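Q: Could you walk me through one part of this structure up close? I'd like to look at the metal site.

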Amino acid sequence: MHDQAVTIQLFDREPHDFSGDLLACPVEEEIPQFGPDAGVPLNKLLHRVRETGDFKGGKDQAFLLYPQLTEQGKEPVVRAKRVLFVGMGKQDDAINVRREQLRLVGGTIAKQAAAIKAREVAVVLPKDYLLDAVEIAQCLVEGVILGNYSFDLYKSPKKEDDAPVRIERLHLHAGGLAASAVEKGLERGRVVALATCAARDMANQPGNGWTPGDFAEYAKKIGKKTRLKCKVLEKAAIEKLGMGGLIGVSRGSAQPPHLVVLEYKTDKRQPTILLVGKGLTFDSGGICAKPPAGMEDMKYDMCGGAAVLAAIQAIAELGVEGVNVVALIPATENLSGPAALKPGDIVRHYGGKTSEIINTDAEGRLILADALAYGIETYKPEAVIDLATLTGAVIVGLGHHHTGLMSNNDRLAGLLTEAGAEVGEPLWRLPLGPEYRKQIDSRVADIKNAASDRSGGTITAACYLQEFVGETPWAHLDIAGTAWDFTEKTYIPKGPSGTGVRTLVTCLRQWKSLHTIEKK
Ligand code: BES
Ligand code: ZN
Ligand code: ZN
């Protein structure tokens, strides 16, 4: 895996004393100057730019200038090689729009930095922005790190001046905000954004670069680095536990399945939240093969697992209090080798329920069924959240702009929806119900893995999962539309988005203060 590492620190001299590659200054549309904390030279510069009428600070406006050229023959007043004014527009009434605006500005700064190959960047934080100082720093840092992401592990090194350059050092000038709050925010932003980049890395890896075994190894590695406890159930253990779904799906492949378990324990008296992520490292459809056009995208079928793994890593690094978290990732390939599952086969899951295989391409639910049943029995969680690139139907319904949310618990659905809205990963709830569940009644087993037609395909898939969660409050996030090619933004590139990581961390960070989930 390649390194997205970036050092972030407070810059406590005057912004004009920063002598690195790029000094970025977010500018509000309505406010004519930065205020005294930004210093006289920078305010003068902004004033001059504004006077030309070329730059008003509108959303998405960015204006790059070379201050030393403006002070010919003299020592430059603003010492940075370049100054970037980034427009923030007017402050929106809605707090989530204001948060998003800062991430977008961060993304714009990262894009500009890449264009001019800047390695050392400083950002002057906006002082009069209507957000808590911790959040101002967090959102900006998230935007910069996420916008700074690229995946070039498999690109042969180009000529020296072609090679992509990333920001290596980021300096934040508190701009009059409390330094301790800014430090807290930058650390949150850094941890959560780097975890999201790690999830993108896993997804960007090809099927032969990220196998079920790689999930296991990565988990063991973060188990050593953080206070997470890692267990990996290998094929023999999975068989012994009776996880017929995970074993069945893995039979068509030469790669053995793994069930990755990571535990974040704070205090026994605190509730445990179970996270489950679909870790299908390549989905060919199996015997019910997918058409070849676009099949390469099915290397992304592990994005749920990646999100869950990255989220628990961030939770451990941040030392989130008030909850215990367990992450389970059933990991396998879905191929069509000689022992592969066939339509008509019946598998028995952990806990004893049986599934009739109607379509071998509906494999995600088969492996999630085992993980959900096992996780609930083993950890008795207060709530379960699963993330999966589960159905093509969710893309038909919601496109690439909302994750599909289905839940048996209004409170949990509400918490996730709020967390998603807060971080710019919107969720849209779809219903569940017996009329959909009936579509997957089987004549010969307890349930079948696909209905006879595709109507309500996202919901019938969720009804299938619901069968394995019983009464436990549960939410299912179908991220097939958002895990990659998510709404493109300055801080969300084409390809994998890392969606779900920031939603989960935000939701679980607030868990203790917000509520206790009622069972009904
Ligand atoms: N991994 C796919 C879902 C998927 C499809 C994700 C397209 C992203 C883009 C899943 O395993 C699958 O193939 N689901 C089938 C279910 C059907 C056979 C009931 C689907 O959605 O077509
Ligand atoms: Zn499939
Ligand atoms: Zn799949």
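A: Let's start with a term: donors here are N, O and S atoms within 2.8 Å of the metal (3.2 Å for Na, K and Ca), and since water is not among the atoms, sites may look incomplete. What you're looking at is a predicted model, where local features need pLDDT of at least 70 and side-chain atom pairs count only at pLDDT 80 or more, while totals for chains, interfaces and linings use all residues. Residues are numbered from 1 along each chain as its sequence is written, chains are lettered from A and ligands numbered from 1 in the order in which they are written, and side-chain values use heavy atoms, leaving out hydrogens and water.

Now for the zinc ion (ligand 2): its donors follow the spacing D-x77-D-x1-E along the chain. They are Asp-283 (OD), Asp-361 (O), Asp-361 (OD) and Glu-363 (OE), at 2.0 to 2.2 Å. Asp-283 sits in strand E10 (residues 279–283) and Glu-363 in the loop between strand E13 (354–356) and helix H10 (364–379), so this pair ties together parts 80 residues apart in sequence. (Helices are DSSP runs of H or I, at least four residues, and strands are runs of E, at least two, numbered from the N terminus.) Asp-283 and Glu-363 are both buried, meaning under 20% relative accessible area with a 1.4 Å probe, protein chains only.

Asp-283 also bridges to the zinc ion (ligand 3), with the two ions 3.2 Å apart. Around the zinc ion (ligand 3) you'll find Lys-278 (NZ), Asp-283 (OD), Asp-301 (OD) and Glu-363 (OE), at 2.0 to 2.4 Å.

Note on methods:
Buried means under 20% relative accessible area, exposed over 50%, partly exposed in between (1.4 Å probe, protein chains only).
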